[in-house]
Amino acid sequence: MLNDAEVRGLLDLETLAEVADTTRRMRLLPPDVARSLREWGAREGASRPAEAAQAEFLARVYDELSVNAAWEQDEGITAAQNELLAAVWAEGEWPLVLGALKRSRSLIDDDFMRVALSRHTERARLGVADEASGLAAVLAIGVLGDASARGWAHVAYARSQEAARPDRSIRHFALGVARMRETGDTQLVEMALAAQRSFGQRQGLGALGDLGDEPDLELTYAMIPLAEERANSLRDQGKPAAAVELFTRMVPLCEEFGDHERLLRILNVRALAYEDLGDLARAEEDYRAAIESCRRVGDAARLFEIETNLAASMLKRGRVSAGISLFARIAESSSGNEVRLAAAKNNLAHAYMRQDRWEDAAREYADVELMTARPEQSRSRMIALAGLISALDKAGDDAEAAAATDRLFRLFEETQDLDVLFSYLNAPTVDLAGESRALALEVLQELVAQGDVMLASSMAIQLVRDLRRTDEHENALAIADFVLSAFDSVRSDIAILIPLEVAAAEIERRLGNTRAAEDRLRAAVTAVEHRIARATRLRDADWIMDSARALYLGLAAIALERGEPAPLRTTFELADACLPVTLTSEEPPEGEPIARDWVSTQEVLDALGSADTRLTLIEFALIDDRLCAFVLDGEHAEPRVRAFESTREQLAAAAREFSLLVNGDPVAFPDEPFSMQRLLDAPLVAFEGVMADLGGVYELVGTATEAVCFVPTREIEGLPLHALKIPTGERLIETVGVFYSPSAAGFARGLEREPARAPTTVVCAAVASLEDPEPDLIEGDAALFARFNGQVETRSGPSATPAWVRQAMESANVAHITCHGYVDEQDPFGSALLLGDGESRPTQHVDDISPLARGAFELTVRQLRDRDLVCDLVTLRACSTARRGAESSGEEMSTLSRALQLGGCRTVVTALWDVDQRSSLALLETFYRYALGEEPLPAWQALARAMRRLIHSQTDWSHVYFWGPFVVSGEWRPYRSG
């Protein structure tokens, strides 16, 4: 029953929806509400006649209606199901509803869905608000049901919103059709499509589904609101390319009608869709254009959002310093808005963490903690404290880190928020194998009971890690199995469960149960292959493969442990199979699945045995945290293996030491540019130690070997393997030729087409930057081909434009391009060569100009991949064009070298680091003398001779920086006659 104050509170509400929502939250039955209203009206009617009449009206509504239908008993379902429906309608909010349904999942069947959808539709018809109408319940039920249940949930909601919110209807009709298609039942699909078409006709849109599906469908400005929702829906469905296309058609209409507010919104979401596609360069263009629109309309809130998106995109692209500068500017401009300022400082602290500036990050996180002291800001304070603990821990300030950890636990005691507790338990200062174990286990059980696979998996991984550290292997295995069994139905589809699979297998091996470990890993690998088979984009397949790489290497470790020929073959095949899909497969046609390019050990051995040139293939793999090399040649019937002493940490230290020396440190604060003096004075201790260790593999290279083909793993990709120091004290390139392949599969498949013909035509493009002190050293490369008897076409300076280079490369045998370039670590297809724009040279400081402005100078990987290239040899005398980035996103995708090979180029010569102009010119002059002579040599052989000549010359160029920047990838066979 309601007291007088509660009745007056109901009467003060403005809408029936608010009244229904309030009584629902109070868990009151309709008869009790009606009786309370009438009793109050009888007492107060004389003094408040108008309010008494209002109370009587509400009482009659509660008498006859169904706004509280959730409390009615439906004979078509059980009492338990009726009770569950009442409970979820009372919860209202999505997270609470979903939690309640997960705990009673067994009660959800077709009858339950029928009643739930019926009640939802009725409540929506009566105009009850979203929560009161059961939106959260309907969609939550759909999430837990099968595809048809989810489909009907979306269709029902779309129908209910048609009059009030057609923009919501368009999205949910599209989602309903998509879910029905998942069932494979054409009748269900047609029913959903019929409902969608009917809605489209009533809205004057024709066939609604045609928006985004039929690019020729005329789009008018009046259709923009619904088209915007359709594009958002396409992105929600995992179709970012279609969303981008539809957004692009809307942009000129918004510009024509001066709708800057909608334009900035469209540009912002289109940028997010470009990010989904991995095209971060175009995303940045849209963010900057949206920012200009924001300033035009004076929308400070939207400006904050889009500038934040842009700064985050910069971090994704590896442009950390630029991202930090923008985040700092956002924080400065947000000083008058506490909420925005806290968010900006939080983002700035995160960016500082990316740059290892722990003290700066700790300062910003501490500021945010102080700014979020009110109870309603507990979530923001939790995030700040978690970041502060991590920064202080990294900085080695144990006392302050422990104090911040205590404050985080006190925050949990104050709020009893499970997320705060989870954040506390995940802090690096908390030992889950110690005094926090009981609490962690209790939280883990609750997360599993709620069906929260992400948080449960994360918590289990932390527990397993800490228990293994204290040698409690059986307990760690029990926890891993508890979580894996609880989520068995989604075990193969959730990437975060893979580390648990790997950890469980490692524990089984530690306990002597090798067979059980192998069975676990094989089952998981099989599931991964099924997932890749369903992928339609290399980016998606690479993400799956990256998350699953440890499974393949775990199996490889078991096979290697046995030391028998057959398992050793299996080990090699698994190591090659776990390379990124982009290195072994072609991008499939739209909508078709990925075709994995597998290769057997025997295929590689046969290819080596049939070669006219005596070759040795050396493929590296990190197995059981140790670097190993598989050595195959035509003289041995089985692969051989060598394990090295260098640890993962030593390999990383060597790669970083060498990279900082030859490239400078682009993410240091302040920037540390390349220094010739530092190069000549530096001892390179870590680098030379690793190069000597890896050089020991030469003992397995036959004395008759003419060339070595390296397949590097990403841990050593930045190292010049041709400069390995072999036991004789020489560099490897002084004794044999060297070329590289992205995979053993790529090497073997290269034999499927005929060798190239001798070169007859050359195109040469050379463009210096505005900052180059001696542009002639770069733009005088045409002299390299003075002795060549064939046709040579050259351009230099501003006239060597991206369009001219692309066109020329479609017909030339040989392309030589000298310019600056950069590798985009997070969007490798956005990596680019910097050429002329027809009027001026490019700047090296690409971050200082807008993406739109620098687009005129860029020849990107994406553009090269879209061309039908026929070049047999491409040389890029550009900066760092062979380096692959994207390690922080877990994706080793193609850069310029790989893109050229996929585009049709047989052999590519690229640079591992920023080249010295004088020494590289001398090196390439000798290279072309052999590669383009009367009897032209294969590129690997020509480059080996050029390097040896420079090493033993009477110059100061004996350092590997001068003679060793270039690597050859691709074709290795001699030219065919004719």
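Predicted model: local features only at pLDDT ≥ 70, side-chain atom pairs only at ≥ 80, totals over all residues.
1. Arg 262 belongs to helix H14, which spans residues 260-276. Its relative accessible area is 18%; because buried means under 20%, Arg 262 is classed as buried. Leaving aside residues up to four places away in sequence, Arg 262 touches Ile 224, Pro 225, Glu 228 and Cys 254. With one of these, Glu 228, the contact includes a polar one between the side chains, at 2.7 Å.

2. Aromatic pairs, and the pair Phe 409 and Tyr 424. The model has 12 aromatic pairs. One of them joins Phe 409 and Tyr 424, with 4.9 Å from centre to centre and 50 degrees between the planes, a tilted arrangement. This pair links distant parts of the chain: Phe 409 is in helix H21 (residues 398-415) and Tyr 424 is in helix H22 (residues 418-425), 15 residues apart. The two partners fall into separate accessibility classes, Phe 409 being partly exposed at 24% relative accessibility and Tyr 424 being buried at 11%.

3. The pair Phe 785 and Tyr 928. The ring centres of Phe 785 and Tyr 928 are 4.7 Å apart and their planes meet at 55 degrees, so this pair is also tilted. Phe 785 sits in the loop between helix H35 (776-779) and strand E7 (791-796), whereas Tyr 928 sits in helix H40 (residues 917-931); the pair therefore ties together parts that are 143 residues apart in sequence. Phe 785 and Tyr 928 are both buried.

4. An aromatic cluster and a charge over a ring. Phe 620, Phe 644, Phe 710 and Tyr 740 make up one aromatic cluster. Elsewhere, a charged side chain meets a ring face: Arg 945 lies over Tyr 930, at 5.2 Å from the ring centre.

5. Helix H26: span and burial. Helix H26 covers residues 498-510, 13 residues in total. From its first C-alpha to its last it reaches 18 Å, close to the 18 Å expected at 1.5 Å a residue. Of its 13 residues, 10 are buried, so H26 is largely enclosed by the rest of the structure. Among the buried residues are Ile 498, Leu 500, Val 502 and Ile 507, and also Glu 501, Glu 508 and Arg 509. The run Ala 503, Ala 504 and Ala 505 is buried as well.

6. After helix H26. Gly 512 follows H26 and has a positive phi, near 90 degrees.

Key:
Residues numbered from 1 in each chain as written. Heavy atoms only, no water. Helix = DSSP H or I, 4+ residues; strand = E, 2+ residues; numbered from the N terminus. Buried < 20%, exposed > 50% of the residue type's maximum accessible area, 1.4 Å probe, protein only. Polar contact = N/O pair within 3.5 Å; in protein donor to acceptor, adjacent residues only side chain to side chain. Contact = heavy atoms within 4.5 Å. Phe/Tyr/Trp six-rings, centres within 6.5 Å; stacked < 30°, edge-to-face > 60°. Lys NZ or Arg CZ within 6 Å of the ring centre and 35° of its normal. Expected span 1.5 Å × (residues − 1).
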